[in-house]
Amino acid sequence: MKDLQELGAWYASRVNDHAMLVPSTLPDPRFLYDGREFVSFSTNNYLALATSPRLKARAHVALEAYGVGNCESRLLGGNLELYDMLEAKLAEIKHKESAVLFATGYLTNLGVLPALVKSTQLARAFGYTPSANWKHAFFTDEFNHLSIREGIKASGAPAFAFKHLDLNDLEQKLRASQAAIKIIVTDGVFSQHGDVVPLPDLMALAELYDAVVYIDDAHGTGVLGPTGAGTTEFFGIDSPRIIHMGTLSKAYGCIGGFVATERYIADILRIACSGFGFTSTLPPDQAAAVLEAIDMVQDEPERRARLWANQRYFVTRMRDAGFTLLSTQTPIVPLHVGDEGECSRLAAALHAEGIHVDAIVFPAVGFGQSRLRFIMNANHTTDDVDRVVSVLRHATAR
Ligand SMILES: Cc1ncc(COP(=O)(O)O)c(C=O)c1O
């Protein structure tokens, strides 16, 4: 108890260093903070759907029809037709037979990755005799999202981290593995880096070594590909080897997570995944809003067109001003700064001018690799971008 109190006091002393911004409205990307208007370059509300009148209207209708929560596991009476409809829609956009919903994206990774391993033990405990002595192993990009790393750890299976996007390193690790079930895990778009997995080459390795590929497409879904279906659509790839994971909290502007898979994997997860069966799910109004958001990504392609036009304008203006961008493939465009103090100083200079951007410093990235992570939005204006470039030029005296 005393130790915990001491630890609490240490954390309390750190609170000011990590003070959260507390806006009074949701960034779309404009928001109010301390009575003043800011523009955010750090929201995942890429298409500004979270506050759109069309999405709110659909959520209102569902709120009236169903109430505010689902109050029970879907296996035990917390199910609704609405959830089944949403799963069918998510399976359709990812070209899969089935999808399984979870309360958040984080909980999806934390639930599904261990379940892929533990489902074998569970089935054995209930009398199933597998045809082989299965051994699983994960092969995971070193910069995958924390929820992936935690999910893999919770599985208890051996895990081999390969260097970021380094397929030679991945191949060496696959070649050395004796595991019968090899699962390659990667983000589609890397959230701190903005780069995209080289999927065609990774799929070639998966074929060669007979591996399953689990893609966390939190930042690709709704954003990448001709219809916004995500990283696989961007590359024109469909494969029964792929398990798609996505969040509903970013481009779709709501909350929730899902996997879209072949039906046999979904069947395993509905029974063996405690993150599905032993918890409640997203509220019904959110499920209805996500259904609307998926339609909006299709019916309002101008939102994605504006997002990408803004991304291109930002990249061009920043490059012309001589800034070093770490990647330019997606709406996540990090500016390399290096020094932690300098990174915080630049974020503060932008903040003083009503622009919010996250300074990404250790431990989110390595020491000396600090960056300002700009996230572009469909509702940014050219004036917003021009102001960022002008403030940064002054602050760095270019
Ligand atoms: C790559 C990735 N996966 C998973 C998550 C978790 O998603 P959610 O916020 O919906 O829980 C995030 C969110 O930051 C993410 O960036």
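What radius of gyration would a compact globule with 398 residues have, and what does the chain have?

**Figure 1. The whole chain in one look.** This is a predicted model, where local features need pLDDT of at least 70, side-chain atom pairs count only at pLDDT 80 or more, and totals for chains, interfaces and linings use all residues. Residues are numbered from 1 along each chain as its sequence is written. A compact globule with 398 residues would come out near 21 Å, and the chain has 22 Å, which agrees; the radius is taken over C-alpha atoms, and the globule rule is 2.2 Å times the number of residues to the power 0.38. Those C-alpha atoms fill a box of roughly 70 × 55 × 55 Å along the principal axes. You'll find 14 helices and 13 strands, which are DSSP runs numbered from the N terminus (helices: H or I, at least four residues; strands: E, at least two). Of the 398 residues, 45% count as buried.

**Figure 2. Helix H2, inside and out.** H2 runs over residues 53-66, and its 14 residues should span 20 Å at 1.5 Å a residue; the end C-alpha atoms are 20 Å apart, which agrees. (The expected span is 1.5 Å times one less than the number of residues.) Leu-55, Arg-58, Ala-59 and Ala-62 are the buried residues of H2. They cover an arc of only 100° around the axis, so they sit on the same side of H2; the arc is that of the directions from the helix axis to the C-beta atoms. Buried means 20 or more other C-beta atoms within 10 Å of a residue's own, exposed means 12 or fewer, and partly exposed is in between, with C-beta atoms placed from the backbone. Pro-53, Ala-57 and Glu-64 are exposed on the face turned away from the buried side. The buried residues pack against helix H11 (284-299). After H2 comes Gly-67, with a positive phi near 90°.

**Figure 3. Leu-282, tucked into a loop.** Leu-282 lies in the loop between helix H10 (274-277) and H11. Is Leu-282 buried or exposed? Leu-282 is buried, because 24 other C-beta atoms lie within 10 Å. Leaving out residues up to four places away in sequence, Leu-282 touches Leu-101, Ala-103, Ile-255, Gly-256 and Ala-287; a contact needs C-beta atoms, placed from the backbone, within 7 Å.

Technical notes. Two residues are in contact if their C-beta atoms, placed from the backbone, lie within 7 Å.
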